[in-house]
Amino acid sequence: MSNNHVEVHEANGAAFRYAPDHFFKSQPSASYIANEEQYRQMYDQSINDPETFYGNLAKEYLHWDKPFAKVKSGSLEKGDIAWFLQGELNACYNCVDRHAFANPNKVALISEPDEESEAYSITFQELLEKVCKVAGVLQSWGVKKGDTVAVYLPMTPEAVIAMLAIARIGAVHSVVFAGFSAGSLKDRVVDAGCKVVITCDEAKRGGKTINTKKIVDEGLNGVQSVSHILVFKRTGNPAVNMTPGRDFYWDEACAHQRSYIPCVSTNAEDPLFLLYTSGSTGQPKGVVHTVGGYLLNSALSTRFVFDLHPEDVFFTAGDVGWITGHTYALYGPLSLGTATIIFESTPAYPDYGRYWRIVSKWKATHFYVAPTAMRLIKKVGEQEIDKYDISSLRVLGSVGEPIQPDLWEWYNEKIGHNNCCIVDTYWQTESGAHLITPLAGVFPTKAGAASLPFFGIAPAIIDPNTGKELEGNDVSGVLAVKSTWPSMARSVFNDHQRYIDTYLKPFAGYYFTGDNAARDNDGYYWIRGRADDVVNVSGHRLSTNEIETVLDEHDGVSECACIGVNDDLTGQAVIAFLSLKEGACDISDEHVFMGFKKSLVMEVRGSIGPFASPKAIIVVDDLPKTRSGKIMRRVLRKIASNEAEQIGDLSTMANAECIPRILSAVDNQFLSKKK
């Protein structure tokens with residue numbers, strides 16, 4: 001096979017794309033999984049004999065203070081899942097100490113601050129000393145094993161250091177994305193009962209200064225559980241409020257601490273962290289992840305999915321405020337002793353070449369990003385790519401939502417230059433690590449497909465109407481998992497019944513992902529959006545993701561999201577929200593606009609059928625998104641249903657300023673026509 005192209009085989013109407021053989025030739029050492037046959041053998045053992053499979057890997061990949069007596073217990077029916085029973089270990093030791101002892105001068109963290117001229121690196125030995133000092137501060141404040149500490153920091157090395165310091169003393173970290181409001185921070189701190197908050201004076205992002213400490217002060221007003229706040233001097237602004245006796249500067253507090261303190265051993269089933277997820281109703285859920293199983297699957301998925309080697313440099317362009325940052329910016333790479341890039345800024349600051357300068361400067365071998373960021377660069381920053389040498393890249397990852405085939409192709413050609421493996425990963429906050437994903441260079445992939453299950457994951461496609469599992473290939477329904485796996489969330493903090501009701505009760509004996517999926521004729525899985533993003537139009541059950549895929553391929557469409565609304569005639573109707581590429585259509589010219597919309601409808605009719613045609617196409621300048629880049633379709637659904645006052649929790653929204661404009665667009669283009 002040539003190094004200069006991707007070989008394509010048409011099978012069952014979907015294109016297989018084999019990883020270029022260049023991938024194998026450029027490896028610093030042999031691939032961890034040599035071929036598909038080895039994957040199949042390992043996968044079969046992980047499902048049929050998980051005790052042997054995970055028992056051996058746990059001993060190989062983790063350092064245990066006390067050996068585990070039993071690999072796994074519990075069931076999905078009872079929700080009493082546990083792994084590596086009676087085993088004891090420490091997550092910080094596994095990510096820092098053992099590498100600092102073996103290779104102290106190896107780079108652990110690479111910091112890319114908002115101002116790129118301030119970039120620097122930290123070795124494992126330096127990281128160990130920094131972590132120990134913060135851990136000492138926390139211990140001096142009375143934080144002990146099992147206590148919860150909130151981290152409200154931008155994406156800086158200090159965020160990673162804080163998380164590791166908390167884990168070092170056996171405490172539980174609850175990272176709150178440093179873009180959340182004071183109210184959202186308060187909700188999470190109160191629910192978790194945090195004793196300490198770790199934050200900074202101010203943050204920098206995209207050239208702007210954010211009053212981080214002021215937000216913390218507002219959020220903690222009236223909160224009794226928090227006794228201390230540790231404040232990192234990000235800008236050093238002397239005007240930042242510091243409450244005597246409660247607030248202490250990071251550097252001053254750490255100056256009094258030893259450069260080494262021992263780790264506190266924790267049980268494998270002790271909580272490592274809480275991470276809050278939001279829903280359309282009710283309070284955010286504090287998802288509980290435990291030390292042993294989570295840490296093992298972080299290491300295994302990072303190694304096998306990305307084929308990551310110690311010599312590599314891993315660039316996850318995500319924040320530790322989300323699970324991607326937890327698993328693939330921190331715990332995965334560091335547990336393997338691999339350097340990880342911590343990126344504070346945005347892909348557009350100071351220009352759209354920022355990602356590629358980082359790759360070029362640090363010779364990054366792996367790049368992991370959300371499709372949202374790639375769509376942005378494709379739309380307005382493509383011209384920057386070829387200015388930089390990004391030939392060090394070997395594996396490109398996608399996370400957060402299914403990547404559309406046309407964007408997959410663009411990613412492959414423009415960023416990978418047809419010489420990189422693309423891993424389009426499917427997983428969740430609750431899964432802790434990848435569920436369904438390609439393995440770099442191991443088996444053929446298809447553009448847009450999540451591919452095959454990761455080790456230990458036994459997926460099931462369930463008919464949502466009957467609740468029965470659909471056997472064989474060429475089926476679609478809702479996606480569930482009928483096995484347990486080490487990194488799956490164990491509970492919702494202080495509300496285990498909510499955990500049972502949300503994930504285990506909908507289909508007895510299965511973990512319910514909440515997503516729609518299809519299994520094609522080759523056994524590959526395709527994620528089709530959230531289960532509540534299914535519409536029933538005149539008896540036709542449609543995934544809105546299918547319609548979005550068609551619309552996304554139109555030359556004039558930059559982004560789209562489809563939702564279903566109630567309709568007196570058809571039961572439900574599809575409403576499509578679009579943002580357009582520059583110059584695609586003059587929407588102020590009604591005749592031109594109508595012609596443009598008609599062309600979109602005809603695309604849907606031709607690709608899916610007349611029954612799938614959107615009832616309305618609404619053009620907006622921006623779609624509502626979470627801070628991790630996911631489109632918030634439930635917000636669009638409420639607005640289109642004239643229920644904007646019932647939108648629910650917006651704490652994860654990154655661009656709330658778009659809501660008034662969407663309301664106006666809906667009123668002008670849809671509701672007014674209904675009247």
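1. Charges first: the chain has 65 positive and 81 negative charges, and their mean positions lie 3 Å apart. Here Lys and Arg count as positive and Asp and Glu as negative, leaving out His and the chain ends. Each charge is placed at NZ of Lys, CZ of Arg, CG of Asp or CD of Glu.

2. A word on the source: this is a predicted model, where local features need pLDDT of at least 70 and side-chain atom pairs count only at pLDDT 80 or more, while totals for chains, interfaces and linings use all residues. Residues are numbered from 1 along each chain as its sequence is written, and side-chain values use heavy atoms, without hydrogens and water.

3. On overall dimensions, the C-alpha atoms fill a box of roughly 70 × 60 × 55 Å along the principal axes.

4. Now for contacts, meaning heavy atoms within 4.5 Å. Among those in the chain with a separation of 6 or more, 69% join residues 24 or more positions apart.

5. You will find 19 helices and 33 strands in the chain; these are DSSP runs numbered from the N terminus, helices being H or I with at least four residues and strands E with at least two.

6. Strand β21 (residues 395-398) runs parallel to β22, joined by 4 bridges, and G397 has V423 as its bridge partner.

Methods. Pairing = 2+ DSSP bridges.
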